[in-house]
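Please look at the sequence and the structure first.

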Amino acid sequence: MLSVENLSAWYGAARILYELTFEVGRGEVVALMGRNGAGKSTTMKAIMGLIGQRQGTVTFSGEDISRLEPYQIARRGLGFTPEDRRIFSDLTVMENLDIGRQPPREFPDGAAAPSWTPERLFALFPNLAEMPHRAGGRMSGGEQQMLTVARTLMGNPLLVLLDEPSEGVAPLIVEQMANTIIELKKEGLSILLSEQNIHFAQLVSDRVYVLEKGQIQWQGTMAQLSGSPEIQRTYLTV
Amino acid sequence: MTLNAFLFQVLNGLSAASGLFLIAAGLSLIFGVTRIVNLAHGSLYMLGTYIAYSFATKIGGVTGFWGGIIATALIVGVIGALIEVLLLRRIYRAPELFQLLATFALVLVINDAALWLWGPADLLGPRAPGFRGAIEILGRRLPSYDLFLIVIGPLVLLALHLTLARTRFGRLIRAATQDREMVGALGVNQAVLFTSVFALGAALAGLGGALQIAREPANLATDLIALGDAFVVVVVGGMGSIPGAYLAAVIIAEVKALCVGIGVVDFGFITINFSKFTLVAEFLVMAVVLIARPYGLLGKAQGAVRSIAEPEEPIRPATTLLKVLGAVVLAMLLCLPLLAQGSPYLLVLGIDVLIAIIFATSLHFIMGPGGMHSFGHAAYFGLGAYGAALLVKWLGLPFGAALVAAPLLALGGALLFGWFAVRLSGVYLAMLTLAFAQIVWAAVFQWEGFTGGSNGVIGVWPPPPFDKAWVYFLLTLVLAAIAVLLLRRFLFAPFGYAMRAGRDSPLRAEAIGIDVKRVHWLGFAIAGLVCGIGGGLFAFAKGSISPETIHINRSIDGLVMVLLGGVQTLTGPIVGASVFAVLQDTVMRQTEYWRALMGAIILVLVLAFPQGIVGAFAALWRKVGGRT
């Protein structure tokens, strides 16, 4: 579904990513793990075309998207939920959802991708259903986190780049997020998840790439990582 | 003033408010979404007046007038869209200030285009069909067209409000005003959104201009006047707030109308003519509002604006090569009087260039390393120039003493204005500095008894031996060299590091114990001081000084010089000032349409060198493998 080859990225003169190569298969949940500053968010932004200085090839649904603008990438069915949520705080929940709206979409093989409406999303996130007209700026962190995922789903994506959904939200919401990811996987979506929290990643991911200092240091299945405290100690424990 | 007269002035104010609102609303929308401060917005308004005039006189009648107004709004909207597509789209990733430069070039080009198409004379349109008469209100006769205008403002406000609240286009505008990058990542084509917002804003400006032709003549000076008004309204109301713009338009128009209404008042010990305050009134209102509510009446604190420009490179100490080069240039300049024996003009040009360098370098000091984009640097130039000239004229101070006093006066002004200005940032800071400069200008312009009013001060020539051009040139050269080196020294001292730290991350700088406001205040004062040297030199070089030389144009010239050279290099302002001063002195003499030529040159430079001239050479140098 998504394959990344030799992806490098820079902020000004500082190089952040060093030739990352990895892929996400259809219907797969892949975790990109690593400590703060390892380059997880930068990887997602680089895939999304949000970083000006980048090199390497990103292929999505068989098409090279490395040179496309962010909006063109989004229109090919790649959804992005940023770590800092970036809710439009002056807009209501419904209005935020409307900004994300895109027409229904198909997988490359012609199968219909899951198609979302505010009603379906309210069923997925009951908290949001209680506040359709509340301004984004007046919501709690957890509610904003749900809204940012819901807003991305309004674009009917085939694959979602989910940047640290468990960061800074209450344990109850973390659990709800995990259930949501499992739910989305059932619907046939692919997910690239960035995460520092192994407990959360264990609940939802099939495979793992571990990043440190902008390079992939380890890759394998989630089960392998769970069974290896040593790798966890080297790359993940703070 | 009787109650009736007062109420009548209130009505007058409301009709003027509608015009102000239309132009300000467009500016606010464009800034909100594209983050471009469109200096050409006043020019679009001016085009509106001329195009509507042509419709109303060439076609005539009801169709020509009312149809013409609609057609004008559409035409100006299309012009706005073209500007966005052909020019601005290429420079969205350039630093914010560079976009200013591009839109200022448009001001020059559009002004000359209007001169070429419609000629220099004022053109008064016909009266509005259907609104020719006047209505008796409160015992006075109010033109019915004014009543129509009073209604138009709130109508447009309502239409805009409904568009923003109820349509997807409006929601996209509001979302993009907050975070346009995220809007793009959600699949919205920003290019289309930007073009349509620019077209809408331009159409509003065109409409505002077109509606004025029945009241005021189309005039080539309206572009900058309208721009100034629109800025004040937008800033007072709060950037991005449409209701705020209307509220601010009403307040400012009312204050002005009341100043006219009050007229001359005798307080017994002093007689004040309030109608003279109209020039300063709006800027006083703005200064008061910004000091009390830094983000305008209905504005919100701007969150960290997500800049899509590359982070700024740190400035570096001069390399040996650069030092040698600087010494060579200095030596060549020292020899210039020998070379210039046959051509006295060369020395005059040299003095102009050196004064421009002092002006631009001091502005750059706060703009680049300080991150404070002053739009009113002319104030300190003016305080220096007028200070020196008036001290000679009224107190008979000797030349040397006046030349020393000039920077001190500028320092005093900079300390006063800077104290307020450093409390703000970004566009708000720019506007407050502009307001202070306008206040200085208006004081000079209207205090005829002391400053000579529009005639200025004449006959302030330096005594021998400085009356010889080559001696004065050398004096200017020495002072300019001292000024430039002094500012450099400041930048590479801990003070300079603190100033840059405060620019890049005010919170972190404060957290390590830097008093950011104090450091920036001092920086502001130093820049004012140095600028004052240039002002003093200017007065004696020309033998005279007039309000024109310290008008907003000079502030903008300074911005152009700095941006032309490149904000993030220290040689930038020197090169920019030299290129600009030479261009201005040579190009201006060649053609009647020097503005358009100047604008075209700036546009070419902007598109070819988005990092400024020096920045472009530095990038090229790095590319060919040179080590800086």
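Which residues in α13(B) meet which residues in α15(B)? The answer opens the section on helix packing.

## Helix packing in chain B

The model is predicted. In α13(B), the residues are B:Ala378, B:Ala379, B:Gly382, B:Leu383 and B:Tyr386. They meet B:Phe436, B:Ala437, B:Val440, B:Trp441 and B:Val444 in α15(B). By class, this contact of α13(B) with α15(B) has nine nonpolar residues, one polar and no charged. Helix α13 covers residues 378-395 of chain B, and helix α15 covers residues 426-446. The two pack at an angle of about 30°, and their axes are 8 Å apart. Angles under 35 degrees count as roughly parallel, so α13(B) is roughly parallel to α15(B).

A second pair is formed by helix α1 (residues 3-34) and helix α5 (residues 144-166) of chain B. Their axes lie 8 Å apart, at an angle of about 40°. That angle makes α1(B) oblique to α5(B). The crossing of α1(B) past α5(B) is left-handed. On the α1(B) side, the contact includes B:Leu11, B:Leu14, B:Phe21, B:Leu22 and B:Ala25. B:Ser15, B:Ser18 and B:Gly19 of α1(B) also take part. On the α5(B) side, the residues include B:Asp146, B:Leu149, B:Ile150, B:Gly153, B:Val156 and B:Leu160. The contact of α1(B) with α5(B) divides into twelve nonpolar, four polar and one charged residues.

## Two domains in chain B

At their contact, domain 1 of chain B gives 32 residues and domain 2 of chain B gives 30 residues.

The largest share comes from α4(B), with 14 residues. The domain 1 side has 27 nonpolar, two polar and three charged residues.

## Contact between the chains

Chain A gives 22 residues to the contact, and chain B gives 19 residues. On the chain B side, helix α6 (residues 168-185) of chain B supplies the largest share, twelve residues. By class, the chain B side holds eight nonpolar, five polar and six charged residues.

## Sheets of chain A

One open sheet of chain A has four strands, in the order β2-β1-β4-β5. Its pairing is antiparallel. Why is one side of β2 and of β5 of chain A left without a neighbour in the sheet? β2 (14-24) and β5 (63-64) stand at the edges, and each has a single partner strand, so one side of each has no neighbour in the sheet. Strand β4 (residues 53-60) of chain A pairs with β5(A) over two bridges, in the antiparallel sense. A:Thr59 is opposite A:Asp64 in β5(A).

The other open sheet described here has six strands of chain A, in the order β6-β7-β8-β3-β9-β10. Its pairing is mixed. The edges are β6 (78-81) and β10 (215-221) of chain A, each with a single partner strand, so each has one side without a neighbour in the sheet. From one strand to the next, the twist averages 15°. Strand β9 (residues 207-212) of chain A runs antiparallel to β10(A), joined by six bridges. There, A:Glu212 stands opposite A:Gln215 in β10(A). Helix α6 (residues 141-153) of chain A packs on this sheet, touching β6 and β7 (159-163) of chain A. The direction of α6 of chain A makes about 165° with that of β6(A).

## Hairpin and local backbone

In chain B, strand β1 (residues 134-137) and strand β2 (residues 140-143) pair in the antiparallel sense over four bridges. B:Glu136 stands opposite B:Arg141 in β2(B). Two residues lie between the strands of this hairpin, where B:Leu138 takes a positive phi near 55°.

A:Arg86 is not a glycine, yet has a positive phi of about 50°. A:Arg86 sits in the loop between β6 and α3 (93-99) of chain A. In chain B, the peptide bond from B:Pro464 to B:Pro465 is cis, with omega near 5°. B:Pro465 belongs to the loop between β5 (457-458) and α17 (469-491) of chain B.

Methods
Residues are numbered from 1 along each chain as its sequence is written. Chains are lettered from A and ligands numbered from 1 in the order in which they are written. This is a predicted model: local features need pLDDT of at least 70, side-chain atom pairs count only at pLDDT 80 or more; totals for chains, interfaces and linings use all residues. Two residues are in contact if their C-beta atoms, placed from the backbone, lie within 7 Å. Ala, Val, Leu, Ile, Met, Phe, Trp, Tyr, Cys and Pro count as nonpolar, Asp, Glu, Lys and Arg as charged, and the others, Gly among them, as polar. Two strands pair if DSSP finds at least two bridges between them. Axes are lines fitted to C-alpha atoms, for helices over the stretch in contact, and angles run from 0 to 180 degrees between N-to-C directions. Angles under 35 degrees count as roughly parallel, over 145 as roughly antiparallel, 65 to 115 as roughly perpendicular and the rest as oblique. A crossing is left-handed if the near helix is turned anticlockwise from the far one by less than a right angle, and right-handed if clockwise.
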